[in-house]
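Visitor: I am new to this structure and would like to take a close look at one part of it. Could you guide me through the charged side chains and the partners they meet?

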Amino acid sequence: MDDRAKTLLKALVERYIADGQPVGSRTLSKASGLELSPATIRNVMADLEELGLIASPHTSAGRVPTARGYRLFVDTMLTARSVDPQNAPPEMSAARGQLQPDQPQRVIANAAHLLSSLSNFVGVVTAPRKASVFHHIEFLRLGERRVLLILVSPEGDVQNRVIMTARDHSQSELVEASNYLNSHYAGLALDAVRERLQHEVEALRSEIVALMQAAVQAGTEAMTEGAEQMVVSGERNLLAVQDFGSDLGSLRKLFDLFERKTELMRLLDVSTRAEGVRIYIGGESRVVPFESLSVVSAPYELDGQVVGTLAVIGPTRMPYDRMIQIVDITSRLVSNALSTPR
């Protein structure tokens, strides 16, 4: 694609984001600043449409960007500067006062509200992942292939889980497994225990290793169960979005997504493993479940370690440069607030 086509595509995307209306050749001629005849512009637009970067709605002679068009725009044409929170625009500077060092739960809730209010879309923040550490573990045989897992945290909290085993274990085998875990791994995070079990237990019988691994998995689930994993703010903002307001079916699916949160957690988990701000556009991959939805996300840190993700979720027709700044600044403010000694 030559520079002329890129300039026209950039102008078309920017105009569509601003107006929400299909862009015709005459409007595009003015917006691009190129001195091209309407016929030349129509030819270039036809080429862009053939490449799958723009599409022509049935009810209009104008064109709109496709998911591929948005992706090319975001990856190669967007000029969003990284802004230091100290030099942020006034409305973003005010955010610092809402994210002062406090209880982590309050910081997360305020961050979700802040993302929503600044973007006028939906703000989502996953809660910091706590390391699941155990102080003592015990197995109790309940019956054939049924074992009660008793897990005690360093704070004295007790969690119980019934696990099904691949084969029946005697109580003496269960004692052997619990003694090994307590003597070698007490005080470690369960994720670290899982990792070490894969490399350090060659001397143990394989069936005991399988029991330990099942216990670690069940223990992780037990210690994280019931914790608030995500805060969502501003779902009602989508009612005012032109792209969704007239489609009740899409709105219902979106609200189901925010209600269930499972798909949302999977999406943000992908973002946690990426560095910096990332943009996911619906229709281009399975990451975002709806074609008309985009997600701008960034991880945040606690003492230099990534512990969660925050994001703005809205229509594909969103001002990406502004959303990038909002998400970037908020992630750094959250990181600072959580890492500041209280």
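Visitor: With which residue does R332 form a salt bridge, and how far apart are the closest N and O atoms?

Guide: In this predicted model, R332 forms its salt bridge with D328, and the closest N and O atoms of the two are 2.7 Å apart. Both residues belong to helix α13, which covers residues 320–339, and they are four residues apart, about one turn of the helix. R332 has a relative accessible area of 28% and is therefore partly exposed, whereas D328, with 15%, is buried. Side chains of opposite charge can pair when their charged atoms come close, and the structure holds seven salt bridges. One of these is the pair of D168 and R141, whose closest N and O atoms are 2.7 Å apart. Another salt bridge joins the side chains of R167 and E173, with 2.7 Å from N to O; R167 is partly exposed, with a relative accessible area of 29%, but E173 counts as buried at 14% relative accessibility. A charged side chain can also be found at a ring, for the charged end of R317 sits over the ring of Y16, 5.9 Å from the ring's centre.

How values were computed
Residues numbered from 1 in each chain as written. Predicted model: local features only at pLDDT ≥ 70, side-chain atom pairs only at ≥ 80, totals over all residues. Heavy atoms only, no water. Lys NZ or Arg CZ within 6 Å of the ring centre and 35° of its normal. Salt bridge = Lys/Arg side-chain N within 4 Å of Asp/Glu carboxyl O. Buried < 20%, exposed > 50% of the residue type's maximum accessible area, 1.4 Å probe, protein only. Helix = DSSP H or I, 4+ residues; strand = E, 2+ residues; numbered from the N terminus.
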